[in-house]
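Please read the numbered points with the sequence and the model in view.

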Amino acid sequence: MSKIMTRLLIALALASGLAIVGIAQEKKDYVENTGFKGKIFELKHRDPTEIYQTLSPLGSGFKGATFSINNELRTITVRDFPENIAAIEEAIKRIDIPRTARAESSIELNMHVLLANKSDSGAQLPGEVPSDLKDVVKQLQSTFTFRNYHLAATIVQRTKTHNSRQQGGQAITGRSEAQWEVLANGGKRAEATNYQYQIQTILLLQGTTQVVQLENFSLNFGKTHIQTNLEVRDGEKLVVGTASFGDKAMILVLPAMVVK
């Protein structure tokens with residue numbers, strides 16, 4: 001056999017050997033089944049779907065690891081490293097607690113409907129805007145071109161807290177008539193309009209700061225309409241939006257307060 005042929009066979013053998021090593025290393029990029037353990041957790045107080053997003057990141061994420069839930073049996077089945085299973089088990093002990101263990105609260109919503117205009121006609125009467133909204137009006141005056149603001153209605157809604165959509169209950173609705181006085185042509189003029197509001201679900205999100213979540217909130221005030229999803233921090237005054245009609249606009253200011 002010539003030297004050239006010998007070198008070629010050696011080169012092919014070496015190349016084949018490297019390919020075999022490369023394939024073997026690639027197969028070991030994931031964990032073999034023998035490294036996993038399995039465990040089934042039965043929840044007593046919470047629904048598996050409700051806490052799935054909190055627990056699933058505690059898994060290793062390696063190929064072959066599984067995390068499944070069964071809402072009917074209220075179980076969570078985990079197949080993973082023992083240390084990951086232990087972390088999930090510890091988290092379940094902290095989360096799967098009776099709801100009665102949480103302090104019961106109520107949520108109070110004060111929906112202030114402000115009417116704004118750009119002319120002196122229909123300017124606000126002194127003291128019409130509540131003192132706790134004066135800071136909001138100043139910010140609105142520096143943001144929008146409307147010169148005058150007055151309070152058309154204050155809608156107060158109080159309800160029990162809910163921590164999940166399953167507890168949300170029926171939609172909250174209300175309707176009434178708003179009446180107010182405006183300055184016009186040197187005198188006072190009475191105005192009125194009908195309004196209707198609806199909130200599909202109210203949730204209380206627990207965290208460093210409590211957040212009130214309003215799903216599918218809508219308000220019809222005369223010919224104006226606002227519809228959106230909202231999140232309001234406890235004690236925050238949220239300017240929800242504006243709805244213009246002619247040279248006027250309706251502005252909704254929504255403070256939320258969690259009452260213990």
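**Notes on the predicted model**

1. Arg233 is partly exposed, at 49% relative accessibility, where partly exposed lies between buried (under 20% relative accessible area) and exposed (over 50%), for a 1.4 Å probe and protein chains only. The side chain of Arg233 meets that of Glu236 in a salt bridge, at 3.6 Å from N to O; a salt bridge is a side-chain nitrogen of Lys or Arg within 4 Å of a carboxyl oxygen of Asp or Glu. Glu236 is also partly exposed, at 26% relative accessibility.

2. The model is predicted, so local features need pLDDT of at least 70 and side-chain atom pairs count only at pLDDT 80 or more, while totals for chains, interfaces and linings use all residues. Residues are numbered from 1 along each chain as its sequence is written, and side-chain values use heavy atoms, with hydrogens and water left out.

3. The protein chain contains four helices and eleven strands; these are DSSP runs numbered from the N terminus, helices being H or I with at least four residues and strands E with at least two. Of the 260 residues in the protein chain, 37% are buried.

4. Contacts (heavy atoms within 4.5 Å) can be sorted by sequence separation. Among contacts in the protein chain between residues at least 6 apart in sequence, 62% join residues at least 24 apart.

5. Which residues of helix α4 are buried? In this helix, residues 134-143, they are Val136, Val137 and Leu140. These residues lie on the same side of α4 because they cover an arc of only 100° around the axis, the arc being that of the directions from the helix axis to the C-beta atoms. The face of α4 turned away from the buried side carries the exposed residues Lys138, Gln139 and Ser142.

6. Six salt bridges are counted by the rule given above. One of them joins the side chains of Lys237 and Asp135, at 3.5 Å from N to O. This pair links distant parts of the chain, since Lys237 belongs to strand β10 (residues 237-245) and Asp135 to helix α4, 102 residues apart. Lys237 is partly exposed at 34% relative accessibility, and Asp135 is partly exposed at 39%.

7. Is Arg46 buried or exposed? Arg46 counts as buried, at 8% relative accessibility. Arg46 forms a salt bridge with Glu50, with the closest N and O atoms 2.9 Å apart. Glu50 is partly exposed, with a relative accessible area of 24%.
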